[in-house]
Each structure stands twice: as structure tokens, then as C-alpha cells.
Amino acid sequence: MSSEIAVKPHHNSEDKSILLIISRSAFQSPTIKEALDVALTCAAFEQAISILLTDNAPLALLPNQASNEIAQKSMNNLFSALPMYDIDTLYIDSHAKAILEPYHKSIPNILNYVNQQQIAGLIQSHDIVQRF
Amino acid sequence: MLFSILIYGSPFNSPCAQTALRFTQAALNAGHGIHRVFFYGDGVFVGSHLNAPQRDELNIYQVWTDLANEYQLDLVVCIAAALKRGVLDEQEAKRHEKAHFNLAPPFQLSGLGQLADAMMTSDRIVTFGE
């Protein structure tokens with residue numbers, strides 16, 4: 001994997017590239033859902049959005065979650081909606097690779113695993129970084 | 001430099017709302033501008049005027065209100081995050097048939113588009129989480 005991180009080109013001079021770093025686990029708090037709402041809103045404003053999942057957040061991508069049994073919305077559906085907003089690739093902290101790799105065929109997003117050096121590159125290459 | 005502030009941590013479980021207030025005061029004192037303060041997640045509780053802390057404790061609602069009135073700050077509370085946490089202005093209380101409301105100017109409810117606008121407009125957006 002290259003250490004160069006490709007960032008979507010800006011649409012015009014007023015647009016900014018935005019990196020959302022999400023670290024919370026799926027059902028620990030509403031944080032992931034609220035962070036993804038920010039992503040979808042900014043994408044609707046045609047901003048270039050990148051999402052990086054670290055710590056426990058990559059576990060939200062695991063398929064077949066029965067979230068309705070604990071009266072929660074499905075994380076799988078939320079992540080499935082991202083490609084419709086041109087957020088095709090998710091950056092994932094490489095520590096989660098072994099956990100997610102067996103489920104790649106069931107995950108609707110393109111996963112780009114990044115190590116600590118590449119995460120630093122991501123942060124450096126975006127205009128705005130927000131952590132949730 | 002033009003800043004916007006994003007507060008999403010709880011004012012009761014973390015010092016983020018106080019830290020954000022001190023940062024905002026410091027930025028204003030240094031001659032910078034504040035485009036918008038956006039309250040999201042549990043940060044929306046800052047806007048509830050029903051907060052009634054003990055007299056020897058900081059009233060986070062009051063200090064933000066005082067600062068906003070002094071500098072005419074734009075304090076925007078995310079409407080979706082606020083409604084599900086029971087933070088409503090008079091209009092939303094009527095719409096949802098609630099007996100009371102707890103949010104009023106200088107705080108105002110609005111959508112996430114205001115946060116997106118703040119990102120596009122400001123030179124820096126500084127986030128205060130948990």
C-alpha cells in the first residue's frame with residue numbers, strides 16, 4: 001500500500017476537503033450516527049468528505065447486526081448510504097484489518113486500510129479535520 | 001482569522017463547553033472573529049435555560065448567553081440533536097405538543113447545513129468533544 005493518500009480534488013476554490021475521524025463504537029453513543037449525518041450534509045453541499053474509522057469504530061461495519069433488538073437503527077444501512085453521496089471509500093485504521101477482512105464481501109464500502117504514518121498524511125492533506 | 005466553534009460533548013460530563021468558552025473569549029480578545037458556534041450531540045444541553053446549577057457552580061447556559069450578547073455571537077443548536085434530547089424552542093414545543101420549551105435567543109435551532117456553511121466560510125473550525 002502506498003504511503004501517498006489520494007484526496008478528492010476540490011470542486012471549486014470555495015470547497016474544502018474535510019476529514020471526519022470517528023473513534024466511538026457503534027452503539028456506545030449516538031456519535032457515529034451524528035458524525036455520519038455531518039458527512040452526508042457536507043457531501044450534499046458538494047464538499048470532499050473523507051471518513052477515517054479508528055479504535056472501536058470499524059466494528060460498526062460488521063454485517064448482520066441485529067440492532068433492532070436493542071431498539072437502535074442499523075449501522076449497516078447508514079454506511080450503505082454513503083456511496084450514494086460519493087463517499088465511496090472509508091479509511092480504516094489498519095489494526096482492524098484482521099477483524100473486517102473475512103466480511104469484505106458483505107460490506108458495501110470500499111475499505112482502505114491505513115497505518116499511523118498514513119493517518120498522519122490524511123490529517124495533513126485535508127483542510128478540515130473533525131474528530132468524533 | 002475567522003473561527004467557528006463546534007461543541008459536541010456534554011456540558012455535564014466533560015469540560016468541553018467551558019474550554020470552548022475560554023477559547024472563544026481568548027480568540028475575541030486577540031482580535032479574531034467568530035463566525036458561528038455550533039452545538040451538536042450532547043453539546044445541545046448548553047442551550048437549555050432550565051439548567052439550574054447550585055449558586056457556587058458555573059451556569060454554562062448563562063456564561064455562553066452573556067458572551068453571545070456581548071459580542072453578538074451566532075449560537076446555533078442542531079435541531080435534530082436537540083429535539084431528541086428534549087431541547088426545544090417555543091415553536092418546536094408547540095409543533096410537538098409539548099407543554100414547555102427551554103431554548104430561546106441568543107440560542108437558535110437550525111440544521112446541519114449551518115455547520116457545513118461554517119466549515120466553508122471560516123478559516124478554522126475548532127472542535128470541542130468529550
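Here is a short chat about the cores, the chain contacts and the salt bridges of this predicted model.

Biologist: What are the ground rules for the numbers?
Modeller: Residues count from 1 along each chain as its sequence is written, chains are lettered from A and ligands numbered from 1 in the order in which they are written, and side-chain values use heavy atoms, with hydrogens and water left out. This is a predicted model, where totals for chains, interfaces and linings use all residues, side-chain atom pairs count only at pLDDT 80 or more, and local features need pLDDT of at least 70.

Biologist: How many residues does the largest nonpolar core have?
Modeller: A core here is a set of buried Ala, Val, Leu, Ile, Met, Phe, Trp, Tyr and Cys residues joined through side-chain atoms within 4.5 Å. Buried means under 20% relative accessible area, exposed over 50%, partly exposed in between (1.4 Å probe, protein chains only). A:Ile51, A:Phe79, B:Ile7, B:Tyr40 and B:Trp64 have the most contacts inside the largest core, and its size is 72 residues.

Biologist: How much area do chain A and chain B bury between them?
Modeller: Buried area is the accessible area (1.4 Å probe) that two parts lose on being put together, summed over both. Of what these chains bury, 60% is on carbon and sulfur atoms, and the total is about 1,400 Å².

Biologist: Which residue forms a salt bridge with A:Glu34, and why does the pair join two chains?
Modeller: A salt bridge is a side-chain nitrogen of Lys or Arg within 4 Å of a carboxyl oxygen of Asp or Glu, and the closest N and O atoms here are 2.9 Å apart. A:Glu34 lies in helix 1 of chain A, and its partner in the loop between helix 3 (79-84) and helix 4 (90-95) of chain B, so the pair joins two chains. Helices are DSSP runs (H or I, at least four residues), as are strands (E, at least two), numbered from the N terminus. A:Glu34 is buried at 8% relative accessibility, and the partner, buried too at 16%, is B:Arg85.

Biologist: How far apart in helix 1 of chain A are A:Lys33 and A:Asp37?
Modeller: Their side chains meet in a salt bridge (3.0 Å, N to O). A:Lys33 is partly exposed at 22%, and A:Asp37 is partly exposed at 21%. About one helical turn separates them, because they are apart by 4 residues.
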